[in-house]
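Me: Got a model here that I'd like to talk through with you. Can you take my questions as they come?

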Amino acid sequence: MEPHRTGIGRRHFLKATGLGALGTLTVAGLTRSIGTAAAATTTLALAATDGYITAPGREDDPLYIFGFIPVSPTATVDALVQQYKGHAVHTAPTLDFRQNDDIQITLTNLGLVQRPDLVDSHTVHWHGFDIPSPLNDGVPEVSVAVPIGKQVTYFYRPHREGTYMYHCHFEDVEHVEMGMTGIVFVRPVQDGTPYAGFTRFAYNDGDGSTGYQRHFAILLNELWSNFHDGDRDIQETIPTDYEPQWFTLNGRCYPQTVLPNDSASLPAAQRVATPNQNYGDALDYSQPNSALVQVNPGERALLRLANLGYQQHAMQLPGIPMHVIGQDASLLRNGTTDTSYWTNTLYIGPGEARDVLFDAPPYDAANPSGSDGRGSYNVYYFKNRDWRRLASLGAPGPSGMMTEVRVYQNPLPAQTVVSQTYV
């Protein structure tokens, strides 16, 4: 049996910082989904390992991370080790399920390149999911933790639609901060049934009130160099000293948040490249998930938001009212009483999720903000209200927890997956 690492637990850390216990949630970051969940049974696979990401002001000294990476469900452990060990991504893939489908997810623990002495197991914990058996919950004290070189297949049948998060729950204070986080969402069985001019919905509302044309998953988080450098350099970290230097959306700081979802077909200027110190500084593309929101005038968009950091954030979208229709995978409606609300400032604490609708304003041809491969657009900024979280250590100009909502003059194609980016 591998030795258990001692240290403060995540719930104890949150209590020490005054944030309370953090439940498990699943959320989809702005990324291409790795599973469409259109079939009755969805089979996925993730691998856990380490790697590096780029942070503003630390381009020549990348941050060491742990993370999940999407892999083939049929590949052997040896094949996965050869291809993916040491190449983690942050944030983890966005997972897209359909209500009442059977879900099988295989997790493989590849081990760590930078820290071969560190023999941590890993799990996938589904924050907020109703799990019929603790065996599939991913909390190592009551379920199975995956040792290095081993695989475990989790089974779920999600009965409650909405936006969630997932993360590793082994030494979870450390592993969550190190990057083992992602979004997962469950689409309602109502999808495909026309209501009020919509065919896609956040919830089973019965009247189309949660309908949308486009949806975007954004994971809020922070990065604290002490944990990342300490794990790299075999140094102890004191979690209650937590003071992050970077504030991220889908694992990126602005302006990298508006770059497209990563693809090998993109030019170098549109990719986030990180030299991997464990492989001769060969470039990794370990921050694949865009936070860019692209819409047509008049469209209704759904923001699937989740916070897996350790601090509360206040998010604003100046110029566009936000309608909060879901909280922690629950429709804000109590019988016939509508408890949803409109706001210009959205507060979201650690371990919480929100479902937010907004209507894209008309395109203002007299005041274009910019243009890209899809034509001219107007920009609205989705950003943290705290100016200190719009800066990054050593980086000039606006940075941190900010992205753009672009309203285009020329029509965009229909969206086929969450957080799709058009370049």
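Me: Where does R333 sit?
Reply: R333 is in strand β18, residues 333-334. Helices (H or I, at least four residues) and strands (E, at least two) are DSSP runs numbered from the N terminus. This is a predicted model, where local features need pLDDT of at least 70 and side-chain atom pairs count only at pLDDT 80 or more, while totals for chains, interfaces and linings use all residues. Residues are numbered from 1 along each chain as its sequence is written, and side-chain values use heavy atoms, with hydrogens and water left out.

Me: What does R333 touch, leaving aside neighbours within four places in sequence?
Reply: D205, D207, S209, D338 and T339. Contact means heavy atoms within 4.5 Å. The side chain of R333 also reaches the backbone oxygen of D205 at 3.0 Å. That's a polar contact, i.e. a pair of N or O atoms within 3.5 Å; within protein, one must be able to donate a hydrogen and the other to accept it, and residues adjacent in sequence count only if both atoms are side-chain atoms.

Me: How accessible is R333?
Reply: Partly exposed, with a relative accessible area of 29%. The classes are buried under 20%, exposed over 50% and partly exposed in between, using a 1.4 Å probe and protein chains only.

Me: And how far is R333 from V258?
Reply: C-alpha to C-alpha, 33 Å in space, and 75 residues in sequence.

Me: Switching to salt bridges. How many are there?
Reply: The count comes to 20, with a salt bridge being a side-chain nitrogen of Lys or Arg within 4 Å of a carboxyl oxygen of Asp or Glu. One of them joins D229 and R58, with the closest N and O atoms 2.9 Å apart.

Me: Which parts does that pair tie together?
Reply: D229 lies in helix α4 (residues 225-233) and R58 in the loop between β1 and β2, so the bridge ties parts that are 171 residues apart in sequence.

Me: Is that pair buried or exposed?
Reply: D229 is buried, at 18% relative accessible area, and R58 is buried too, at 11%. The two also belong to a salt-bridge network that links R58, D61, D229, R232 and D233.

Me: What about D359 and R300?
Reply: Their side chains meet in a salt bridge, 2.7 Å from N to O. D359 is in strand β22 (residues 353-359) and R300 in strand β14 (residues 300-307), so parts 59 residues apart in sequence are tied together. D359 is partly exposed at 35% relative accessible area, and R300 is partly exposed at 24%.

Me: Where do R388 and D386 come in?
Reply: They form a salt bridge as well, the closest N and O atoms being 2.9 Å apart. R388 is exposed, at 55%, whereas D386 is buried, at 18%.

Me: Now the sheets. What's the strand order in the one with β1?
Reply: β2-β1-β4-β6, an open sheet of four strands with mixed pairing. Two strands pair if DSSP finds at least two bridges between them. β2 and β6 are the edge strands with a single partner each, so one side of each has no neighbour in the sheet. Neighbouring strands are turned by 20° against each other on average, direction ignored. Axes here are lines fitted to C-alpha atoms, for helices over the stretch in contact, and angles run from 0 to 180 degrees between N-to-C directions.

Me: How do β4 and β6 pair?
Reply: In the antiparallel sense, over six bridges. I103 stands opposite Y156 in β6. Helix α4 packs on this sheet too, touching β1 and β2, and its direction makes about 90° with that of β2.

Me: Which residues of α2 are buried?
Reply: V77, L80 and Y84, in a helix that covers residues 77-84. They span an arc of only 60° around the axis (taken from the directions from the helix axis to the C-beta atoms), which puts them on the same side of α2. The buried residues pack against β1 (41-53), β2 (63-70), β4 (102-109) and β6 (151-156).

Me: And on the opposite face?
Reply: The face of α2 turned away from the buried side carries exposed D78, Q82 and Q83.
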